[in-house]
Amino acid sequence: MLKIAITGPDGLIGSRIIELLKNAFHILSISHNDLDITDKNQVSDKINALDFDFLLHLAGYTSVDGAEKEKNLAYKINVEGTKHIFEAVENRNKKMIYISTDFVFDGKNPPFFEDSVPNPLGYYGLTKYEGEKIVKDKAMIVRISYPYGNPTSQKPDFVTRLKQLLEKGQELKMMQDASITPTLIDDIAKALKYLIANYKPEVYHIVGSQSLSPFEAGMLIAKKFNMNEDLIKPISFAKYETGKAPRPQFSEIKSKKNDFQEMRGFVVKT
Ligand SMILES: NC(=O)c1ccc[n+]([C@@H]2O[C@H](COP(=O)([O-])OP(=O)(O)OC[C@H]3O[C@@H](n4cnc5c(N)ncnc54)[C@H](OP(=O)(O)O)[C@@H]3O)[C@@H](O)[C@H]2O)c1
């Protein structure tokens, strides 16, 4: 059985991926408590002592708005941390998959494919793109987008977060003139299983098959959970973005290369 080391195993995506793939692979979790990826020596000691075949690098600084205020920390984790992990994995002659994001694109001329040119607008996207440059052509880069489908995660996905706010009766302003591409984490896990078996140091987009506006997504969530749809109010991208991190307006992300895993549209699960 292949041995897969995973950084960020307790996060939103990592915890669900482990649940789904734990019977297919021997999983070696490297949690934040075991290792701070910003510490180069700690990383090389840990990776040198580990018996693994692949490393799936999910650990990251993931707050889009937070990154604008904590630039130093975001850079240390997403750029330097990725460099430490990559160098240690390369020294061992092992394979690595780096998980990246649709936020590397500027959202100006959709759709965005694997060979579209990144141009991140905010600092989070910039650090993730810098991380991509470190591993480019030497490790696999898998870009994902708006992952959901892990309702029991410590860090709730956007569907659960919206549901919780609606339950409290909170009014939500959601963008009508923007698009997102939600991706079910179950489909990401299945695609990763294939990609591990068919490894190439290339870029892949593993994303849902439907792009929609956050407003439409909010209405679907309210309907699915029988919540008050009137709490969802439309807002323009320009208004929403005021005071927040710059972000892609039309994050319609697609794949030219995924002919191996069927990706679902936005299926809100109860
Ligand atoms: N969620 C999204 O919308 C999204 C979209 C596209 C791509 N991605 C990418 O997917 C990956 C996983 O995202 P996620 O949503 O699962 O993130 P998450 O829930 O925030 O989990 C990130 C994990 O990284 C760990 N971590 C943070 N700093 C660390 C450090 N210095 N050393 C070691 N571990 C550290 C965190 O541990 P602590 O909690 O203990 O700090 C946490 O377990 C990230 O690379 C992210 O950029 C996410």
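**View 1. Residues around the ligand.** Among the 23 residues around the ligand, those that come nearest are Leu12, Ile13, Thr62, Tyr124 and Lys128, where a residue is near a molecule if one of its heavy atoms lies within 4 Å of it. The model is a predicted one, in which local features need pLDDT of at least 70 and side-chain atom pairs count only at pLDDT 80 or more, while totals for chains, interfaces and linings use all residues. Residues are numbered from 1 along each chain as its sequence is written, and side-chain values use heavy atoms, with hydrogens and water left out. By class, the shell around the ligand has 11 nonpolar, eight polar and four charged residues, with Ala, Val, Leu, Ile, Met, Phe, Trp, Tyr, Cys and Pro counted as nonpolar, Asp, Glu, Lys and Arg as charged, and the others, Gly among them, as polar.

View 2. In a polar contact, a pair of N or O atoms lies within 3.5 Å. A backbone N or O atom of Ile13 is 2.9 Å from an oxygen atom of the ligand, and an N or O atom in the side chain of His32 is likewise 2.9 Å from a ligand oxygen atom. A polar backbone atom of Leu35 lies 3.5 Å from a nitrogen atom of the ligand. The ligand taken alone exposes 890 Å², of which the protein buries 81%, as computed by the Shrake-Rupley method with a 1.4 Å probe. The elements giving two or more residues to the shell are α1 (12-21), β4 (95-101) and α5 (123-135), and β4 gives the most, with three residues; helices (H or I, at least four residues) and strands (E, at least two) are DSSP runs, numbered from the N terminus.

**View 3. Helices α2 and α4.** Helix α2 (residues 40-48) packs against helix α4 (residues 71-91) at an angle of about 35°, with the axes 9 Å apart; axes are lines fitted to C-alpha atoms over the stretch in contact, and angles run from 0 to 180 degrees between N-to-C directions. Lys40, Val43, Ser44 and Ile47 in α2 meet His84, Ile85, Glu87, Ala88 and Val89 in α4, contact meaning heavy atoms within 4.5 Å. By class, this contact has five nonpolar, two polar and two charged residues.

**View 4. Helices α6 and α8.** The axes of helix α6 (residues 158-167) and helix α8 (residues 214-224) cross at roughly 65° and come within 10 Å. Phe158, Val159, Leu162 and Leu166 in α6 meet Gly218, Ile221 and Ala222 in α8, a contact with six nonpolar, one polar and no charged residues.

Notes
Polar contact = N/O pair within 3.5 Å; in protein donor to acceptor, adjacent residues only side chain to side chain.
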